[in-house]
Amino acid sequence: MDRLHSDPRFLVCPDFMTERYRVSRISMVTATVTEEQAAGTLRNIWVTTNEDLCLQWQQQLVEDERQKAEKQRIDEEEHERQRVALQLEEATARADEKKKNRLKHIPIPMRPRPFANDEEALISEFAIRKLDKGQYIELYYWTNHGLEDAMINYRTRDDDSLVPTTGEDGSTVWISAASSKPAPGVIADRHLSPADFAQAIPRIVAALEERDWPQQCVLMLAQFWGGIMLHRYWNSRDLLAQRCIMLFQEEQRRAWHNAIPSSKGAWDISVIDEPTLARTFERVYRASLIRPDLPRADLQVSVPFT
């Protein structure tokens, strides 16, 4: 259908009895159709055609508005993507600069000279062992609650026994019983509050560096978590969107860790997989429809095997 370039409502029906339309009229004249009747038929055809053009014009205006809105949305999303990418690039550059010149970036508290060093945060032995093996571990262990649990268990436990386990080379290795047991009150990543999540990220990144993780992997995870906290779902008022981004973070990181020793290997987790995130949101949304009587915080979303 050809595009219209002017509003057909402003067109005026011509006088088909004029000399200009004589040939058109004469071609329609018969023994039963006069020249005046032929002119009336031409007028009816013009009116019908004009009505169709008016409808086409209105549809064209609606489609133009839709395309304009779609282009504006795409432009805004691209602008936001570039802004977030620039922020991440600047954050990465600052992190690299701090690593190259660590001494000048060490924070110095405004205090008198202490007589002894402050007590360092104690991380769960189970969590440290998981880090050393490159396996998935919940962020809970680096939240305030997780650190408090580790300190309490460390001070109150009297079990120094050893338990056997299999090392990476297949040999039997004896480890402490505490490092083989997860915390009894561990909270899955998907159920962490935004405050707990924000507390845990810088601590686990520091722990990854202290446990000699490859710099590339540490940077990937740091950028992944940064992308999570800069995503529109993280800052959304919609509780389903907030729950979705936390569930997505847990599942993607667990799948990434599981893929590292596999034949296909892992991937650059710092790139947010938007299609998978959209499917995760759909699962969370469907779960909210199945049990509308439950508060959104109590919804259970099935986790696929990875």
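The model is predicted, so local features need pLDDT of at least 70 and side-chain atom pairs count only at pLDDT 80 or more, while totals for chains, interfaces and linings use all residues. Residues are numbered from 1 along each chain as its sequence is written, and side-chain values use heavy atoms, with hydrogens and water left out.

Select helix 7, residues 215-230 (helices are DSSP runs of H or I, at least four residues, numbered from the N terminus). Its buried residues (under 20% relative accessible area, 1.4 Å probe, protein chains only) include Leu-221, Phe-224 and Trp-225, and the buried residues of helix 7 pack against helix 2 (35-100), helix 6 (194-210) and helix 8 (239-259).

Next, show Leu-221 and Trp-225 together with Ile-204, Leu-208, Arg-253 and His-257, which are among the residues lining the largest cavity (a set of points on a 1 Å grid over the protein atoms alone where a 1.4 Å probe fits but cannot get out; lining residues have an atom within 4 Å of a point). About 40 Å³ of space lies in this cavity, where volume is the space filled by probe spheres set on the points, joined across faces, edges and corners.

Arg-253 lies in helix 8 and Asp-189 in the loop between strand 2 (172-176) and helix 6, so the pair ties together parts that are 64 residues apart in sequence; both residues are buried.

Finally, select Arg-254 and Glu-250, whose side chains meet in a salt bridge at 3.5 Å, N to O, and which both lie in helix 8, 4 residues apart.

Methods
Helices (H or I, at least four residues) and strands (E, at least two) are DSSP runs, numbered from the N terminus. The expected span of a helix is 1.5 Å times one less than its number of residues. Buried means under 20% relative accessible area, exposed over 50%, partly exposed in between (1.4 Å probe, protein chains only). Contact means heavy atoms within 4.5 Å. On a 1 Å grid over the protein atoms alone, a cavity is a set of points where a 1.4 Å probe fits but cannot get out, and a pocket is an open set with protein on both sides within 12 Å along at least five of seven lines; lining residues have an atom within 4 Å of a point. A salt bridge is a side-chain nitrogen of Lys or Arg within 4 Å of a carboxyl oxygen of Asp or Glu.
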